[in-house]
Amino acid sequence: YLISSSAVFLVKFLIDIPEALCSSLSLSTEDYPVTLVTVIFKGVKPGKHAEIREIAMRTIKETYQGNLDMTRLKNQIKNTISNFSDKLENDPSEILAELVISDGLYGGENHTELTAFVNIFEILENLRGNGEPFWKSILQYYIEEANVTVNSIPSVKCMDDLEANEKERVSEQQNSLGPEGLAKCEKEINECIEFNEKNMDEVEDIIEGLPS
């Protein structure tokens, strides 16, 4: 709601100004016992980190104090449902792999992660039905609870060092393996590729057998 298009608040205050404070911003979530929400600001001008943080927190507070655009918020959830449906249909293996890992780590004996996934569309539809007080309570949480800001600056020297170290590592590995070792590795890789391609029909049959 705060960052998803050029018409929204943070983009207006940080990017769509004569001297932009950053080049882009995005939001991601990570599944842990407590969900981690990360807002990433890229292309930040030197010395502007503190100013960006101040603008971001002020924007959240002002949004909390004002009236929310419930129509736009509900449309965003509707788009989320549509996009998730497309991804589930076009790339189910990635979603299912992440789900199984997440449930193994955090689902416990009751498999809460799997249960939530089965009911994901119902959960999203229920979110669409929530009124303004619900969404403001979420904003209030991010205003009152502690948060962490990490400032990082790209290092040209570090990039050059990594590139040089990688070239040295590859050269040492090639010398260590020798012609015979490299040929053996190539043979093993080709056999793995052939095995994976050979079993793709079975994978496609499993995917097609999933209930729609």
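1. Contact, as used in this note, means heavy atoms within 4.5 Å. With that in hand, look at L10: leaving aside its neighbours within four places in sequence, L10 is in contact with L2, I3, I15, L25, I55, A56 and T59.

2. A word on what you're looking at. This is a predicted model, where local features need pLDDT of at least 70 and side-chain atom pairs count only at pLDDT 80 or more, while totals for chains, interfaces and linings use all residues. Residues are numbered from 1 along each chain as its sequence is written, and side-chain values use heavy atoms, with hydrogens and water left out.

3. L10 also shows up in the largest nonpolar core, which has 21 residues; L2, L10, L14, I77 and W135 touch the most other members. (Such a core is a set of buried Ala, Val, Leu, Ile, Met, Phe, Trp, Tyr and Cys residues joined through side-chain atoms within 4.5 Å; buried means under 20% relative accessible area, exposed over 50%, partly exposed in between, with a 1.4 Å probe and protein chains only.) Two or more residues each come from α1 (9–14), α2 (49–65), α3 (70–90) and α7 (132–144), and α2 gives the largest share, five residues. Helices here are DSSP runs of H or I, at least four residues, numbered from the N terminus.

4. Now for α7. Its buried residues are W135, K136 and L139. They cover an arc of only 100° around the axis, so they sit on the same side of α7; the arc is that of the directions from the helix axis to the C-beta atoms. That buried side packs against α2, α3 and α6 (120–128), whereas the face turned away from it carries the exposed residues P133 and E144.

5. What does T63 touch, not counting residues up to four places away in sequence? The list is Y1, L2, F9, L68, K136 and L139. T63 belongs to helix α2 and is buried, at a relative accessible area of 7%.

6. F134 and W135 form an edge-to-face pair, with centres 4.9 Å apart and planes at 85°. Y141 and Y142 are edge-to-face as well, at 5.1 Å centre to centre and 90° between the planes. F134 is partly exposed at 32%, but W135 is buried at 16%.

Notes
Phe/Tyr/Trp six-rings, centres within 6.5 Å; stacked < 30°, edge-to-face > 60°.
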